[in-house]
Amino acid sequence: MRFMNVVVCVKQIPDPAAPARLDPSTWTLEREGKLILDESDSYGVEMGLQLADQAGGGEVTLVSMAPRNETSGLRTALAMGAARAILVSDPVLGGSDALGTAKVLAAAIRRAEPDLVVAATESTDGYTGTLPVQLAELLGFPSVTFVKKVTVGDGKVHVERQTEAGFDEVETPLPAVITVTAGVVEPRYPSFKGIMAAKGKPVDQLTVADLGLPEGSVGAAGARQEVVSVEPAESRKAGEIIVDEGDAHTRIVAYLEQLKVI
Amino acid sequence: MALNTIWVVADRAGAKLAPTAFEMVTKARELASTVEVVTWGDAGSVAADAGRYGAAAVHTVGDLGAGLAGPVAAAAMAAQIAAGNAPDAVFVAQSYDGRDIAGRLSARIDRPVLTNVVGVEARDGALVTEHAIFGGAEILNARFTAQGPGIYVIRAKSFAPEESGGGPAAVDTWDVPDLGATGAASVIATHVQETEGPKLDEAAIVVSGGRGLGNADSYKLVEDLAKLLKGAAGASRAIVDAGWVPYSYQVGQTGKTVKPTVYIAVGISGATQHMVGMKSSKNIIAINKDQEAPIFSIADLGVVGDAHKVLPKLIEALRQRV
Ligand SMILES: Cc1cc2nc3c(=O)[nH]c(=O)nc-3n(C[C@H](O)[C@H](O)[C@H](O)COP(=O)(O)OP(=O)(O)OC[C@H]3O[C@@H](n4cnc5c(N)ncnc54)[C@H](O)[C@@H]3O)c2cc1C
Ligand SMILES: Nc1ncnc2c1ncn2[C@@H]1O[C@H](COP(=O)(O)O)[C@@H](O)[C@H]1O
């Protein structure tokens, strides 16, 4: 293959290091502040860049759906080396579920005519882990999830897919959707040059109307699920904490004896 | 009964049904008058097992050959639903194949999915789900607001399997429509990376190691301890990502859910995504050199100490006993 057009889905999320809060009126995650690139997707971006190289030429186009025309996370990924971004942002998209988001992303991705679509196995804040497969079905593409190693060539991708007991080698023709796990590659740090270059890279900003999606099929109206309540879970009884003074192992042995497991 | 029919999509564990199938069938029986299993491969050999837990039927979508379960199972179910044979709900395991099946089915029948479900109950004739959020500190309840069939992706070990004493389930084969490109991925080789000893998600004792072990070689301490206790060795994602141990060792949100009698966490901080996979262990021992590590908030016995000092002595003490 000569030119490889890779689309990488990137989610922009509230900083996971900041304490998370649910909006008490909607029970959705509060997304007030600045959003950042989900670290899970930085692996996809790196993988996309490497695969384009491996194919002997190609480009990475980022696709993201985010509120308030957020581009901070996209800029991070552009600084890593992605060529351009498509951002879908529209007030009607608040409260979207995974299927609604997949419909939006599918419409945006069709415009990019990808050879390969890369997403993370699951996002850090939503972790439904179903969106990329919904996307594949909507696009009519094959998909391989939980991918930990990828090579491309001859219009095909060859991957190692995590399984319950080990891994499978799976092959799929292109175009296809793959989801990568963390640790699959080492995401590069954006260089100063990369950060400067990112400022000039095109970010195509689209609304739901631009994508021609039927009203009510996406956003809160399309979500068709609701949170009923949120309650504190039964907490475990606080246990005993000891500081090792060289004899902690005897306490562990005594505890295991008490539990009658040794 | 709140519902008429629930389909339970059953993963395979070799020739048998995976344990999650029996967990889900047991729960589904409580919620619906008819429970039917949907699986792939041979149905006849699992009809007795499925029936014993209360399933009335086992529908197979046939031999997968080199294909992946996701597109095949989803297309077969969607075809049944389109033909008027629709259940009220579809239960799917939160497994590798389960997520594929749920995602594809959702897009095919245009119905939403609730994932990471750890509990289901009937309220006013409809199903309400439970989800453990913030590492299990809070429970979120949710429900679908539109007509079914709703798709529920359920975490392993959410329900205790119980036999119902039923006879063998009726067996039939469901047609799989042409998958087009969606079925084009094929498995060309399978690699097993499990170790000897009890399986991680079935062992009575699990010893897991994390980044606090410092380096890959130190994981041997975890393996030695697990072996002495006749348990299984597990890991946090940090050391799986680092390549110290295979993925099949991972405990947590994206890995295995374990519920052993004793869980020993060594050099693991206790990130929410780790806790969600081991928090229901009956007894938890944590060894961590940082007194502030979140793992101590759920430990029954917490040892503030260096794994490299505590583990060798513990291993030695246990060796003395045998
Ligand atoms: C979408 C998503 C899914 C995830 N899924 C999972 C999952 O399934 N499972 C999972 O485990 N994680 C998962 N994670 C990752 C998780 O957030 C944490 O990054 C990971 O669990 C941390 O692993 P750790 O505790 O080994 O490492 P760290 O958090 O780095 O903790 C190391 C600990 O070791 C202690 N320590 C250091 N030296 C010593 C010593 N000599 N002796 C004793 N203690 C020492 C430190 O005090 C520290 O508490 C997921 C993350 C995301 C975003
Ligand atoms: N709003 C979004 N914009 C772009 N990609 C997304 C979005 N939501 C989810 N994804 C992609 O789908 C993956 C799985 O998301 P989730 O279904 O939330 O676990 C994420 O890691 C992203 O790669």
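Predicted model: local features only at pLDDT ≥ 70, side-chain atom pairs only at ≥ 80, totals over all residues.
## Basis

Residues are numbered from 1 along each chain as written, while chains are lettered from A and ligands numbered from 1 in written order. Local features need pLDDT of at least 70 and side-chain atom pairs pLDDT 80 or more, whereas totals for chains, interfaces and linings use all residues; side-chain values use heavy atoms, without hydrogens and water.

## The shell around ligand 2

Ligand 2 is surrounded by 19 residues, each with a heavy atom within 4 Å of it. The closest are Asp41(A), Met65(A), Ser123(A), Thr128(A) and Gly129(A). By class, the shell holds 10 nonpolar, 6 polar and 3 charged residues; Gly is counted as polar. The strand β4(A) gives the most, with 3 residues.

A polar side-chain atom of Thr128(A) lies 2.5 Å from an oxygen atom of ligand 2. A nitrogen atom of the ligand is 2.9 Å from a polar backbone atom of Met65(A). The protein covers 96% of the 480 Å² of accessible area that ligand 2 has on its own (Shrake-Rupley method, 1.4 Å probe).

## The interface of chains A and B

In chain A, 74 residues are in contact with 84 residues of chain B, contact meaning heavy atoms within 4.5 Å. Together the two chains bury about 7,100 Å², 56% of it on carbon and sulfur atoms; this is the accessible area (1.4 Å probe) lost on being put together, summed over both parts.

The interface contains 9 salt bridges, defined by a side-chain nitrogen of Lys or Arg within 4 Å of a carboxyl oxygen of Asp or Glu. One of them joins Asp97(B) and Arg161(A), with the closest N and O atoms 3.1 Å apart.

Conventions: Polar contact = N/O pair within 3.5 Å; in protein donor to acceptor, adjacent residues only side chain to side chain. Helix = DSSP H or I, 4+ residues; strand = E, 2+ residues; numbered from the N terminus.
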